[in-house]
Amino acid sequence: MIRDHRGNLTYIESDRHAPIEFRRVYYLYDVPAGESRAGHAHRTVRQLMIAVSGSFDVVLDDGRTRDIVTLNRPYIGLFVPQLVWRELENFSSGSVCLVLASEYFSEADYIRDYDAFLEVSVASR
């Protein structure tokens with residue numbers, strides 16, 4: 001973050017500030033109160049998630065442990081490696097979740113069934 005009397009500036013350089021070279025950028029916004037997003041894992045895609053506005057919780061599950069991380073600062077990102085189940089919840093009003101992904105979109109990379117995720121997770125250890 002670069003502070004200035006005119007406002008702050010935050011930037012991200014692929015493979016320099018982010019632990020990945022990103023090929024896709026997308027963002028989630030206008031998530032209705034009480035709704036959650038994600039509910040899947042990726043076979044190979046790694047992601048960096050940032051709350052560029054507002055806040056939300058990221059539930060992370062590697063098949064053994066679950067953890068909840070609250071994102072609420074636009075200059076702090078959360079790295080989510082492959083084969084980690086993720087759920088996004090508790091979005092504040094006006095929140096925006098920016099995601100930098102290591103790969104282009106491929107439906108084949110998604111694991112959308114939790115039991116299937118557990119099988120893949122155990123097999124990869």
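Ala, Val, Leu, Ile, Met, Phe, Trp, Tyr, Cys and Pro count here as nonpolar, Asp, Glu, Lys and Arg as charged, and the others, Gly among them, as polar. The model is a predicted one, where local features need pLDDT of at least 70, side-chain atom pairs count only at pLDDT 80 or more, and totals for chains, interfaces and linings use all residues. Residues are numbered from 1 along each chain as its sequence is written, and side-chain values use heavy atoms, with hydrogens and water left out.

Pockets come up first. A pocket is an open set of points on a 1 Å grid over the protein atoms alone, where a 1.4 Å probe fits and protein lies on both sides within 12 Å along at least five of seven lines; its lining residues have an atom within 4 Å of a point. Volume is the space filled by probe spheres set on the points, which are joined across faces, edges and corners. The second largest pocket holds about 180 Å³. Its lining has 13 residues, with Tyr26, Leu28, Arg37, Ala38 and His40 the closest to the centre. By type, that lining splits into seven nonpolar, three polar and three charged residues. Strand E2 (37-42) gives the most to it, namely four residues. Strands (E, at least two residues) are DSSP runs numbered from the N terminus.

Thr10, Tyr11, Ile12, Pro74 and Tyr75 sit closest to its centre, out of 15 lining residues. Here the lining comes to 12 nonpolar, three polar and no charged residues, and E3 is the top contributor with three.

Next, the inside. A nonpolar core is a set of buried Ala, Val, Leu, Ile, Met, Phe, Trp, Tyr and Cys residues joined through side-chain atoms within 4.5 Å; buried means under 20% relative accessible area, exposed over 50%, and partly exposed in between (1.4 Å probe, protein chains only). The largest such core has 15 residues, and Met49, Phe56, Val58, Leu71, Leu88 and Cys97 touch the most other members. E4 supplies the largest share of this core, three residues. Apart from it lies another core of six residues, including Ala18, Ile20, Leu98 and Leu100.

Ile68 counts as exposed because its relative accessibility is 51%.
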